[in-house]
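Hi everyone, thanks for making the time. I'd like to walk you through one structure today, so please have a look at it with me.

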Amino acid sequence: LITEELMASLPNLKVISNIGAGIDNIDLEAAKRRGILVGNTPGISDCLADFAWALLMAAARNVIQADAMMRKPGFKIPSIINWHGTRVSGATLGIIGLGNIGLAVAKRAKGFDMRILYYNRTRKMKAESELGVHYCSGLKDLLKESDYVMLSCALTPETRHIIKSAELSQMKPSATLINVARGGLVNHDDLTTALQNGVIRGAALDATDPEPLPHDHPLLALSNAIVTPHIASATLHARRAYVKNALLNVNAGLRGDPLPFPC
């Protein structure tokens with residue numbers, strides 16, 4: 001965390017450049033008071049959206065569970081004759097946060113002929129006309145209609161635990177929750193209870209709170225939960241682009257120029 005205490009210990013600090021789009025780890029008000037420029041590295045969305053789609057598909061078609069079954073001694077095909085995944089093509093996807101990553105996910109969903117809903121602070125008319133996405137003025141409307149709910153919004157005081165027991169109960173019992181944003185968007189105790197009791201079908205998480213979850217956390221014992229260690233951006237292409245843009249921010253800040261990627 002980049003706290004005010006840390007900033008105070010670095011009297012010559014002029015610029016902070018975060019690798020990644022999220023800035024919830026930086027005390028922005030403290031930086032502003034001290035005249036410290038803050039930047040991030042947004043826009044590297046394709047690799048993240050690819051991974052978001054991988055999680056959605058893996059959860060829908062039981063890929064992780066099927067792989068584990070195949071590795072067990074004595075596995076026989078007839079044992080899964082009535083074991084089914086869920087349809088993706090033509091289903092309804094609800095995206096919470098239609099920023100760069102949300103838009104990239106919507107483009108992939110369009111290729112699967114999905115009905116795409118979104119909930120966002122501001123309405124995106126261009127995306128509606130180009131991608132055919134449908135705006136939901138209330139989160140409840142998106143949750144009750146979506147077969148898959150994708151979290152791709154920023155973590156702020158307003159969005160912390162945007163998904164908890166009340167919201168989970170508004171989702172379809174056949175729905176799946178996917179989170180490729182920040183772990184703090186979800187109350188993991190409530191999610192665990194919902195998955196245990198069949199309130200929703202499944203979840204696929206690339207971010208948790210805390211990160212990583214303790215190994216004895218009950219969520220990790222559930223077969224209807226996929227949990228990965230925040231690797232949505234873990235490609236050489238994305239990581240190189242992040243570092244390059246972070247350095248562009250730093251160099252500009254040290255020269256006294258405007259940051260190319262300011263927060």
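Let me start with the sheet. Strand β3, residues 92–96, is joined to strand β6, residues 148–151, by four bridges, and the two run parallel. Before going on, a word on what we are looking at: this is a predicted model, where local features need pLDDT of at least 70, side-chain atom pairs count only at pLDDT 80 or more, and totals for chains, interfaces and linings use all residues. Residues are numbered from 1 along each chain as its sequence is written, and side-chain values use heavy atoms, with hydrogens and water left out.

Strands here are DSSP runs of E with at least two residues, helices are runs of H or I with at least four, and both are numbered from the N terminus. Two strands pair if DSSP finds at least two bridges between them.

The whole open sheet has seven strands, in the order β5-β4-β3-β6-β7-β8-β9, with parallel pairing. β5 (134–135) and β9 (225–227) are at the edges with a single partner strand each, so one side of each has no neighbour in the sheet.

How do the side chains of β7 point? Thr 176 and Ile 178 go one way, Leu 177 and Asn 179 go the other, and all are buried. Buried means under 20% relative accessible area, exposed means over 50%, and partly exposed is in between, using a 1.4 Å probe and protein chains only.

Now a helix. In α5, residues 100–110, the buried residues include Ile 101, Val 105 and Ala 109. The buried residues of α5 pack against α3 (46–60), β3, β4 (115–119), α6 (125–131) and β6; contact means heavy atoms within 4.5 Å.

Zooming out, the chain is divided into domain 1 (4–40 + 235–255) and domain 2 (45–71 + 86–227), with bounds from an automatic or database domain assignment. Their centres, taken over C-alpha atoms, are separated by 29 Å. Six residues from domain 1 and four residues from domain 2 make the contact.

Last stop: Ser 233, in the loop between β9 and α10. Is Ser 233 buried or exposed? Ser 233 counts as buried, because its relative accessibility is 12%. Leaving out residues up to four places away in sequence, Ser 233 touches Leu 48, Ala 238, Arg 239 and Tyr 242.
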